[in-house]
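Thank you for coming, everyone.

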Amino acid sequence: MTRRFVLRTAVLVTAAMALPALPAGAVIEPLSAAHKTTLLRIARDIYPHEGFLDDAPYQAVIDAILIESESNPAVADLLAKGIEDLERRAHEIHKTDYAAIASAEKREGLLRSIELTDFFQKLKGGLLMGLYNNKALYPAFGYDGSSWETGGFIDKGFEAIDWF
């Protein structure tokens, strides 16, 4: 037995263990329009900017996650099972679909019940980077962008802070 054989075997075993644990022959159904509506409502509830952000930036992040799910069965499974779990909870507690719950506080309560799940963390992380690292949205948030290139905030707007 050579060192190369041992290393190759170790790499193959590690790679096999990292593959998603889907049953043999499992087919992941594409998400329905209702599921996509639910994802958009979740996105707006995780990072609510009602009144100054429309649906487009949220939808762009959701679309990017959906595109990832098309090529990654683990992500597709995560989304499908996460939405199914959230909808089950919504029906058990509120007797309706998640997106149909009118009260933001009730929707927040449901999200808090799943906030430690991989599903929630996947959406939260994608939204965090997709919304707040998007230079096109900086003006909507009142952020002028990086200032270190121009000497920092002391020389760029620090005197204009009216709340300090």
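Which residues does Arg44 touch, not counting residues up to four places away in sequence? Arg44 touches His49, Glu50, Leu53, Asp54, Asp55 and Tyr58, where a contact means heavy atoms within 4.5 Å.

Before I go on, a word on the source: this is a predicted model, in which local features need pLDDT of at least 70 and side-chain atom pairs count only at pLDDT 80 or more, while totals for chains, interfaces and linings use all residues. Residues are numbered from 1 along each chain as its sequence is written, and side-chain values use heavy atoms, with hydrogens and water left out.

The protein chain has seven helices and zero strands, where helices (H or I, at least four residues) and strands (E, at least two) are DSSP runs numbered from the N terminus. Of its 164 residues, 27% are buried, and by buried I mean under 20% relative accessible area, with exposed being over 50% and partly exposed in between, using a 1.4 Å probe on protein chains only. Among contacts in the protein chain with a separation of 6 or more, 56% are between residues 24 or more positions apart.

Back to Arg44, which has its place in helix α2 and, at 6% relative accessibility, counts as buried. Its side chain makes a polar contact with the side chain of Glu50 at 3.2 Å, and the side chain of Arg44 also reaches the backbone oxygen of Asp54 at 3.0 Å. A polar contact here is a pair of N or O atoms within 3.5 Å; within protein, one must be able to donate a hydrogen and the other to accept it, and residues adjacent in sequence count only if both atoms are side-chain atoms.

Helix α3 covers residues 55-71, and at 1.5 Å a residue its 17 residues should span 24 Å, which agrees with the 25 Å between its end C-alpha atoms; the expected span is 1.5 Å times one less than the number of residues. Buried in α3 are Pro57, Tyr58, Val61, Ile62, Ile65, Leu66 and Ser69, and the buried residues of this helix pack against α2, α4 and α6 (118-132).

Of these, let me take Ser69, which counts as buried at 13% relative accessibility. Its side chain reaches the backbone oxygen of Leu66 at 2.6 Å, and, leaving aside residues up to four places away in sequence, Ser69 touches Val75, Ala76 and Leu79.

How do α2 and α4 lie against each other, and at what angle do they pack? Helix α2 (residues 33-46) and helix α4 (residues 73-94) pack at an angle of about 80°, with their axes 11 Å apart, and they are therefore roughly perpendicular to each other, a term for angles of 65 to 115 degrees. The contact is made by His35, Thr38, Leu39 and Ile42 of α2 together with Ile83, Leu86 and Glu87 of α4.

Finally, Lys95 lies in the loop between α4 and α5 (104-114) and, at 66% relative accessibility, counts as exposed. Its phi is near 60°, a positive value in a residue other than glycine. Most residues other than glycine have a negative phi.

Conventions
Axes fitted to C-alpha atoms, helices over the stretch in contact; angles between N-to-C directions. Parallel < 35°, antiparallel > 145°, perpendicular 65-115°, else oblique.
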